[in-house]
Amino acid sequence: MFDRETFTRERERVNLAVQIFSFENLLKCYYNCRRRKRYTVNAIKFEINLEQELSKLKRELENHTYYPGRSICFVVTKPKPREIFAADFRDRIVHHILVSYLERIWEPKFIDQSYSCRKDKGAHRAIKDLKKYIKKVSCDDQQEAYYLQVDIKSFFVSLNKNILFKLIKKYVKNQEILWLAETIIFHNPTTNYYRKCQMSLFDLIPDHKSLFKVSSDQGLPIGNLTSQFFANVYLNELDLFVKHKLKANYYLRYVDDLVLLSRNKQQLKFWQKEISGFLRRELKLELHPNKQIIQDINKGINFVGFITKPSHILIRRRIVKSLKGKLWNLNKYSGELSKKQIKNILSVVNSYYGHFKHAQTFSLREKLWQEDFNILQKYLEPVDKKISYFKIKNAESLQI
């Protein structure tokens with residue numbers, strides 16, 4: 001029997017799907033996705049038959065037959081062991097489709113002091129604002145002030161998928177986007193993956209930090225664009241609680257690392273208790289018991305790779321040690337470096353020096369250049385006396 005209402009709903013759904021999953025939108029997301037992944041094996045395979053692959057993906061999305069493919073699972077050991085699930089290239093395109101839609105809804109809802117994975121934010125903006133807040137709360141270092149810093153225990157693995165999807169449904173009415181969000185959120189990468197590292201490395205991951213050890217309605221894979229965005233959606237509830245309920249004027253968050261400033265140490269202790277209760281009650285999360293600090297701002301705040309004090313900013317020793325290690329390994333090479341190797345080295349070195357410029361590090365930059373670059377001085381040279389960053393020496397003769 002013909003059901004007009006069902007027919008009308010399905011026609012509206014198809015029209016909506018055609019708009020969201022249009023070929024133009026998929027192509028745009030493909031170009032965004034390939035910026036850093038173009039030369040991976042799966043990206044090259046996808047690009048060889050680009051039109052056919054995008055058309056196939058378009059049909060799957062419109063017909064709701066799309067399902068995430070096999071992930072690459074591996075372990076990174078620095079700065080600490082972490083389990084990574086990297087999505088397949090075609091799935092990354094889908095991630096861009098979803099996030100680009102959801103960002104338009106959530107960006108106006110996010111507070112300014114949420115810095116991770118957002119346009120015009122990031123670690124360097126966080127440090128700039130932290131320095132400003134320290135100056136304000138201490139009245140230019142004329143008054144005593146303190147900071148509270150807390151970290152959420154095993155955040156990505158502990159995140160509750162049901163709560164996350166409920167938050168998405170609260171603000172999204174588009175049924176196509178809801179279907180796609182649900183598909184990605186509740187996908188379990190441990191059911192379809194291949195390992196890309198030594199098996200022994202997985203022994204370094206504690207059970208409470210592994211998706212292999214948690215329930216299916218818990219945890220998001222580290223390494224995906226959607227996971228980074230969903231982290232901000234999930235913890236935006238905490239941000240709003242801290243800003244509007246606790247009335248904390250000086251508050252910053254980078255992923256699950258939180259910093260609050262106050263002239264009153266007792267107020268920070270109260271906020272600590274309230275934040276802990278809110279996380280347990282509303283988001284099913286716990287503060288890390290060994291990563292809760294309340295102390296004088298003059299001790300320095302270890303946040304997003306910097307040690308920030310009222311008078312100056314320093315670089316964390318771990319980051320300096322990391323660069324020294326890379327320079328040492330590069331200097332072990334005995335032959336002539338190729339053009340490609342020189343370009344890669346320049347990119348690595350300048351990324352560190354770009355980080356260094358946000359702190360008082362001239363002496364450090366100079367010392368590293370004089371003592372640790374060694375044979376690399378044959379290929380690189382500073383662009384100025386401040387050693388702000390480097391350029392390739394005699395680039396024209398090398399035809400670079």
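How many aromatic pairs does the structure hold? The structure, a predicted model, holds 23 aromatic pairs.

**View 1. The tilted pair of Tyr133 and Tyr250.** The ring centres of Tyr133 and Tyr250 are 5.5 Å apart and the ring planes meet at 50°, so the pair counts as tilted. Tyr133 has a relative accessible area of 8% and is buried, because buried means under 20%.

**View 2. The edge-to-face pair of Phe165 and Phe186.** Centre to centre, the rings of Phe165 and Phe186 are 5.9 Å apart, with 80° between their planes. Helix α8 (residues 161–171) carries Phe165, and the loop between α9 (175–185) and β4 (193–195) carries Phe186, so the pair ties together parts that are 21 residues apart in sequence. Are the two residues buried or partly exposed? Phe165, at 10% relative accessibility, is buried, while Phe186, at 30%, is partly exposed.

**View 3. An aromatic cluster.** Six residues are to be located in this view: Tyr352, Tyr353, Phe356, Trp369, Phe373 and Phe390. Together they form one aromatic cluster.

**View 4. Arg195 over the faces of Phe202 and Phe212.** Arg195 lies over the face of Phe202, at 4.6 Å from the centre of that ring. Arg195 also lies over the face of Phe212, where the distance to the ring centre is 5.5 Å.

**View 5. The largest cavity.** The structure holds two cavities of 30 Å³ or more, and the largest has a volume of about 170 Å³. Its lining is made of 20 residues. Which of them lie nearest the centre of the cavity? These are His95, Ile184, His187, Pro221 and Asn224. Helices α5 (89–106), α9 and α10 each supply at least two residues of the lining. The largest share, three residues, comes from α10. By residue type, the lining of the largest cavity divides into nine nonpolar, eight polar and three charged residues.

**View 6. The second largest cavity.** About 70 Å³ of space lies in the second largest cavity. Its lining consists of Lys161, His187, Asn188, Pro189, Leu211, Val214, Ser215, Ser216, Gln218, Gly219 and Pro221. Of these lining residues, four are nonpolar, six are polar and one is charged. His187 and Pro221 line this cavity and are also among the residues nearest the centre of the largest cavity.

**View 7. Leu225 and its contacts.** Leu225 lies in helix α10, the helix that gives the largest share of the lining of the largest cavity. With a relative accessible area of 29%, Leu225 is partly exposed. Which residues does Leu225 touch, not counting residues up to four places away in sequence? They are His95, His96 and Val99. One of these, His95, is also listed among the residues nearest the centre of the largest cavity. Leu225 and Trp179 are 46 residues apart in sequence, and their C-alpha atoms are 18 Å apart in space.

Notes: Residues are numbered from 1 along each chain as its sequence is written. This is a predicted model: local features need pLDDT of at least 70, side-chain atom pairs count only at pLDDT 80 or more; totals for chains, interfaces and linings use all residues. Side-chain values use heavy atoms; hydrogens and water are left out. Rings of Phe, Tyr and Trp (its six-membered ring) pair if their centres lie within 6.5 Å; planes under 30 degrees apart count as stacked, over 60 as edge-to-face and the rest as tilted. Buried means under 20% relative accessible area, exposed over 50%, partly exposed in between (1.4 Å probe, protein chains only). Helices (H or I, at least four residues) and strands (E, at least two) are DSSP runs, numbered from the N terminus. A charge sits over a ring if NZ of Lys or CZ of Arg is within 6 Å of the ring centre and within 35 degrees of the ring normal. On a 1 Å grid over the protein atoms alone, a cavity is a set of points where a 1.4 Å probe fits but cannot get out, and a pocket is an open set with protein on both sides within 12 Å along at least five of seven lines; lining residues have an atom within 4 Å of a point. Grid points are joined across faces, edges and corners, and a volume is the space filled by probe spheres set on the points. Ala, Val, Leu, Ile, Met, Phe, Trp, Tyr, Cys and Pro count as nonpolar, Asp, Glu, Lys and Arg as charged, and the others, Gly among them, as polar. Contact means heavy atoms within 4.5 Å.
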